[in-house]
Amino acid sequence: MKAVDANDSNWLARIATISAGYPFRGKVDELPDGEVAVIQMRNADPANGIDWPNLSRVALPRVSAKAFLADGDVILSTRGGRYTAYCLEGRQEQVVCSPHFFVIRTKRQAILPDFLAWQLNQKPAQDHFAAGATGSYILNLKREVVEQLPIVVPPLAEQQRIVELDAAAKAERATLTRLIENRTAEMAAIAKRLLAASSIRHEQRAS
C-alpha cells in the first residue's frame, strides 16, 4: 500500500472506482415486490441521510452480485443543485441504487469511506461539481467531472477525528431541531388556547 504524506492529494479516480447505479429499464415502482432494496433520489435527504424503512423492495431478474452495494460504498447524487454523498455502513440486506447516483468504492485503505463522503459534501467539492454540471433545466453531473475531483488524504487518525466531529455536529443539529420543533408546538398550543378563550368570551358578549 502506498505511503501517505501528511496531506497527500489525488484525483478521486486514482483512489476510488466510480460507476453508475443499477440500470433499471423501467420505473422502480412498477417492478414486482422482492428482497432487493432500492435507494432512489426521494429516499436520500442531506440532513437525515437514507430513509431505509421506506425504500422500495423489488425483485430483480438475474442480477449479478457485483450490482449490490457493499459496506463502505459511497453513493453520490448526480442531479439537482446539490450533489450529496452518503456513506453506506452496517447494512445486511441486498441494496442497489438508481442510476441517478454514482457508486464510489475506495481502492485504498488509506482513506476512510465516511471521511471521503464528508469531503465530497464540503464546499470545495460542491463548487467543483457545480462548475462541471451540465443541463439547461435539470443539472446533471458527468462521471469525468467526479473522476477529476481533487481529494486530500490526511493521516487516518486525522480522518477519524474529522468524522467524529462531523457526527457530533450532526447529533447537536438534530437535538437543536427537536428543541425548536417542541418549542414551536408549545407556542402553537398556547396560541390556540388563548384564541379559543377569546372567541368564547366574544360569543358570550354577543349573546
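Biologist: What should I know about the model before we start?

Modeller: The model is predicted, so local features need pLDDT of at least 70, side-chain atom pairs count only at pLDDT 80 or more, and totals for chains, interfaces and linings use all residues. Residues are numbered from 1 along each chain as its sequence is written, and side-chain values use heavy atoms, with hydrogens and water left out.

Biologist: How many disulfides are there?

Modeller: A disulfide is a pair of cysteine sulfur atoms within 2.5 Å. Here the whole structure has 0 disulfides.

Biologist: Is cysteine 97 buried or exposed?

Modeller: Buried means under 20% relative accessible area, exposed over 50%, partly exposed in between (1.4 Å probe, protein chains only). Cysteine 97 is buried, at 1% relative accessibility, whereas cysteine 87, at 23%, is partly exposed.

Biologist: Which residues lie nearest the centre of the largest pocket?

Modeller: On a 1 Å grid over the protein atoms alone, a pocket is an open set of points where a 1.4 Å probe fits, with protein on both sides within 12 Å along at least five of seven lines; lining residues have an atom within 4 Å of a point. The lining here has 27 residues, with Pro46, Ala47, Gly49, Asp166 and Lys170 nearest the centre.
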